[in-house]
Amino acid sequence: MSALEAHGLLFSEAVLHTEVFAILSAFVAINTVMYCALTVAKVLPKVYVADWLTSRNRRTETRSIHPDGVPPERAA
Amino acid sequence: MFFGRFERLIGLVILGLTGAAAGVLLLAVAANDPRSGTQPAQGLLFGIWRVIYDTEAPSNRTVVAATALAVLFAATLALLERRFSNRSRRSVDRSTNPLAPKVVMAATRGQYAGPVTVTVLIPAHDEESSLGQTIASLLTQSHRPERVVVVADNCTDATVDVARAAGVEVFESVANRHKKAGALNQALEVLLPHQGDNDVVMVMDADTALDAGFLEAAVARFTSDRALMAVGGLFYGEGGDGVLGQFQRNEYIRYAREMRRRRGRVFVLTGTASLFRPLALRTVAASRGHALPGENGHVYDTAALTEDNELTIALKTLGGLMISPQECTVVTEVMPTWGTLWAQRLRWQRGAVENLGAYGITPQTFRYWAQQLGISYGVIALSAYLLLLFLTATALSHWIWFPFWIGLGAVFVTERVVTVWRGGWAARLLALTLFPELLFAAFLNVVFVKGILDISLGRKASWKHVHRTTGLHTSPDTPGADDSGDLAPALVA
């Protein structure tokens, strides 16, 4: 390492050209891209795939607390 | 099910799994000789400023692979969650899923148990300053609760007088040593036997106020679906407490947004305000000691640090249907100091992990496991990121711009701002500055690690009660029935 080598606040710039730093930065790069993809998914409107499919969820009977599905005062 | 088996190991299991994932990625990176060859160049910005920039960016292949991996993770998680919830939603097995919709429907078909009524339980330990507001928010609802009961637990202040003056009932706990969960258990033991199928029980914190229309919306849900076992509130942070308060408000806004995008599918039935059908609570109490952890006959597991999270998992384990509707919102207090926030989050974080330890790996806990693993990996990723930033900033002799990474940073800023848009300008401004929220995330990461260490080392957890003098401002104190706000460990995400 030459005495003239560029130096930052704490470390020599040579630190940035070591293999360990390269591995760390590649690790961070991949993570950052992964989180970025998830971030984009969070910003975009959510797609509800199930809505496009024919519904199996259609109820075959009322689930209301009123056995015939209508409150007594309205049924009268 | 294998209760307790993970108790101390669970922290190590979570750290081990995520550490292994990070290790595999590091090895893969190292094997690929990641040295970059680009050199910084000089250019002019708008023809005026001379800038030094580095066009270094991952290869297209890396970007595509990393994106694909992220999408794969997210999609797998969503698919599995949907599959598991559908399975219990469609179950007809009375012995394993006694609260499954089909089982409940079959048992109540053709019967009418009367209109839906609401009985509110407010556990309170020295809550004289905030209780009045809480009760007022109940009594001014468009659907007024039929009964309001303040569950006074070891109070030394005027909590009981405030409750009586407001015209509501008071239940005082007797020789309770299990804080909020213990006090609620005592009250529920008396109350539950007299509740009909549609006489729902609401449990709400004394430092929380319901928004208008909450109960009307909840009652409508319970009326239209007799298989619905619980309705959970969505919480927002009250105003005040400066930047620290805003950090928390932003978190809550994002959580509520996430809930809307999930169409109300519940993470946690928040302790701040949730309603339960009596059948759900009775079945939980009867299932403890064999199908669920805890003592038989108790609704709440007194060993759980976050009893609302535990009860949610218990109900899901029994196949119960639950929802957090958009209309059911509450405003709750935010922690006024870093110290109280630290204590609150440590308890949530620890509680969430310990509950997983108590339940083990089951289809119903799968989503919560994924959440904890996600946080744990986030700790590694954020630490590596901050380390890289620190090294780069302190080793470069002059400033270099990295256009690719600045572009990615812009995406993150956009997400931060968009997700708190509803919170107004203060929320957006804080999000726009990115780094403060990044440091707040780092703070929560430290809490996570501390929680894991405490569990692994078998350290006893402590509760910090928050004493309010002005209705807002607080100081940590000795253990009590209530605690430093009880929202949802779901936020530890």
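1. Over all chains, the structure holds 14 aromatic pairs. Rings of Phe, Tyr and Trp (its six-membered ring) count as paired if their centres lie within 6.5 Å, and planes under 30 degrees apart are called stacked, over 60 edge-to-face and the rest tilted. A quick word on the source: this is a predicted model, where local features need pLDDT of at least 70 and side-chain atom pairs count only at pLDDT 80 or more. Residues are numbered from 1 along each chain as its sequence is written, and chains are lettered from A in the order in which they are written.

2. Take a look at Trp338(B) with Phe440(B): this pair is tilted, at 6.2 Å centre to centre and 55 degrees between the planes. The two residues are 102 apart in the chain, Trp338(B) in helix α11 (residues 338-359) and Phe440(B) in helix α15 (residues 435-456) of chain B. Helices here are DSSP runs (H or I, at least four residues), numbered from the N terminus.

3. How buried or exposed are these partners? Trp338(B) is partly exposed, with a relative accessible area of 42%, while Phe440(B) is buried at 6%. Buried means under 20% relative accessible area, exposed over 50%, and partly exposed in between (1.4 Å probe, protein chains only).

4. Trp338(B) also pairs edge-to-face with Phe443(B), at 4.9 Å centre to centre and 75 degrees between the planes. Helices α11 and α15 of chain B are linked by this pair too, its residues being 105 apart. Phe443(B) counts as buried, at 16% relative accessibility.

5. To put the rings together: Trp338(B), Phe440(B) and Phe443(B) belong to one aromatic cluster with Phe247(B) and Trp342(B).

Methods
Heavy atoms only, no water.
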